[in-house]
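Good morning, colleagues. Please turn to the sequence and the structure on the screen, and I shall then take you through several of its local features.

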Amino acid sequence: MTTAPAGSATATAPAYGDKVIAVETAGSEPIPDAERHGGPIQLLWTWASPNIEFATVYIGVISVLFFGLSFWQATAALLLGTGLGALTHGILSLDGPRFGVPQMAIGRLSFGYRGNVLPAGVNALVAGVGWFAVNSVSAAFALNTLTGLRPLPSLLLVVTAEIVIGFIGHNFVHTFEKYAFPALAVVFLLAGVWTFKEADLGGSGAGGGIGGFLLAFSAAWGYAAGWNPGASDYSRYLPRTASRLRTAVYPAVGLFVSIAVVSVIGAASATIVAPRDATPTAAFTGHLPGWLSDLVLLAIILGAVSANALNVYSSAMSITSLGLKLPPWLGRGAIVVLCGLAGTAAAWASLADAGHAYEAFLLVIAYWVGPWLGVVLVERWLQARTPDTDLAGRLSDHSFSNLPGITALLAGIVVSVPLFSNQEKYVGWVPDRWPSFGDITCLVGFAVSAGVYAALRGRLGSRA
C-alpha cells in the first residue's frame, strides 16, 4: 500500500482502493489521496444497520421495566438522548475526509500524542470487549431460541462471523452493512407493527418520575454517543472533496432513525406480558406469530453481527492509535482477532445475567464518553480557524502534548462519577440523598470537562 503523505497529490495506483474482497492493511496512518474512494451515502447504512438489533431494543425495554417509565415518557427520553448522540456523531464524522485517520488518532489534538493513550485504550476495551460481548450475547440467545442449540456453541458461531468481517476490513464492512440494512429494516418494522397492536401504550408506568427519565436519557445518550469514538473510522477513506453537509448528515440520520425506531419498539414490547422465565430475546418475540418470530430471531443475529463488525474493527483502530511500536505480525487484522477473542471471553462470562450486565454497561459508557466529548468538542471549536495542514502535523508529532486535555478528562470523571452515578453496583452521593436526580453523570461529566478544558487552554495553551 502506498505511503504517500495524506496531503500530497499522487498518481500512484491504489493498492487497496475500493476492493471489497481484500484484507485492509492500513492502521492509524493517514489514508493517501490515491486510496480515497466512496461517497457519504455509504455512511447512512453503515450507521443504521448496526443499530437495528436487539441491544437497541433493550434500551427501550429497560426504560419501562427497570426505570419505571410509561411508554410515552420512555419515548421522550429515548428520542432526546439519541438525538444528542447522533448530532455529535455527524460532527465528528467530518474529520474523516479532513485527516484520513481513525477517530481516536484525531484525539491526539485534544490529549497530546502520549496523553491520548488513555482514551484510545479505554475505547479499545469498551468497543472490542464490552460492546462485542453485549451484542454477541443477544445473538447467541436468539440462535439458541431459534434452533435449540446451547448458548455457548451459539455464541462461538456468532463471534466467528463477526471477527471474519472485521478482519477483512473497511470496504467489506461497508458492503456488509449495505446489504444487511434492507433485510433488518423490513423485519424490525414488521415486528414493530405487531408489537404496537399488542402493546398497552396508555399505562402509567411504575412511577419512575424524573429520576427514571434521566436514567433512560443517559442510557439512550450513552448508546448513541458510544459510537462517537469511532465516527471517522468509517469516513476516513472518503475523498477530501466529499460534501461536508452529506458527510455530517448521513451518519447522524442513520444513527438517529435506527436507534429511535428500534428502541421505541422495545419500549412498547415492555408493556406486553412476557412468557415466564423467557430469555430476553424470547420475551421480545413471545407475542409474535411463529413465522415472524423466526424472522426476528434471524434479524437479531444479523443485527448483532452488523454491530460487532464495527465494534471489533474500531477496537483495532483504537489500538493502532495508541502510537505503540508493535511487531510487524501484529497488524490491524491480527489485532481484530485478539480483540474478538477477548470480547468472546467477556460474552461467555455474562451469559448467566445478561440483562443487569447490559443496564450497568450502558451507563458506564456515558460516564467516560461524556467527559471525552466535552474536551474533543471544545478543542474542535478552538481550532476552527487553524489550517488543516497544521493540525495534521500535530497528529504525527510524538512530542506534541496537551496536558489541559487529559487533566480536563480526568476532572470530569472524578467529579461526576462519585457524586452522580446511579446504578445497581454504585450509587453516588447526590442520587443517594435525592433519588429524583436519577443519573446525570454524563451531563455533569461533559460540562465539567468542557469547562475545565476551555479554562486551562485559555491560560496554558495547547503545549504543556
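Let me begin with a term: a polar contact is a pair of N or O atoms within 3.5 Å, of which, within protein, one must be able to donate a hydrogen and the other to accept it. Please also bear in mind that this is a predicted model.

With that term in place, consider histidine 37, which lies in the segment before helix 1 (42-48). Its side chain reaches the backbone oxygen of glycine 17 at 3.1 Å. The side chain of histidine 37 is also joined to that of asparagine 171 by a polar contact of 2.9 Å. Is histidine 37 buried or exposed? Its relative accessibility is 15%, and because buried means under 20%, histidine 37 counts as buried. Leaving out residues up to four places away in sequence, histidine 37 touches Gly17, Asp18, Asn171, Tyr237, Leu238 and Pro239.

A search of the whole structure finds one cavity of 30 Å³ or more, and the volume of the largest cavity is about 70 Å³. Which helices each supply at least two residues of its lining? They are helix 7 (117-147) and helix 13 (290-320). Helix 7 gives the largest share, four residues. Among the lining residues are Asn123, Trp131, Trp227, Asn311 and Ser314. By class, the lining holds five nonpolar and five polar residues, and no charged ones.

Helix 10, residues 209-225, spans 24 Å from its first C-alpha to its last, close to the 24 Å expected for its 17 residues. Of those 17 residues, 14 are buried, so helix 10 is largely enclosed by the rest of the structure. Helix 11, residues 244-269, has 26 residues and reaches 38 Å, close to the expected 38 Å. At the start of helix 11, a side-chain oxygen of serine 243 comes to within 3.4 Å of the backbone nitrogen of leucine 245.

Finally, phenylalanine 284 has its place in helix 12 (residues 280-285). Phenylalanine 284 is buried, with a relative accessible area of 3%. Setting aside neighbours within four places in sequence, its contacts are Phe54, Val57, Phe188, Ile265, Ser269, Val296 and Ile300. The C-alpha atoms of phenylalanine 284 and alanine 270 are separated by 7.9 Å, with the two residues 14 apart along the chain.

Thank you for your attention.

Note on methods: Residues numbered from 1 in each chain as written. Predicted model: local features only at pLDDT ≥ 70, side-chain atom pairs only at ≥ 80, totals over all residues. Heavy atoms only, no water. Expected span 1.5 Å × (residues − 1). Buried < 20%, exposed > 50% of the residue type's maximum accessible area, 1.4 Å probe, protein only. Contact = heavy atoms within 4.5 Å. 1 Å grid on protein atoms, 1.4 Å probe; cavity = no way out; pocket = protein on both sides within 12 Å on 5 of 7 lines; lining within 4 Å. Points joined across faces, edges and corners; volume = space filled by probe spheres on them. Nonpolar A, V, L, I, M, F, W, Y, C, P; charged D, E, K, R; others polar.
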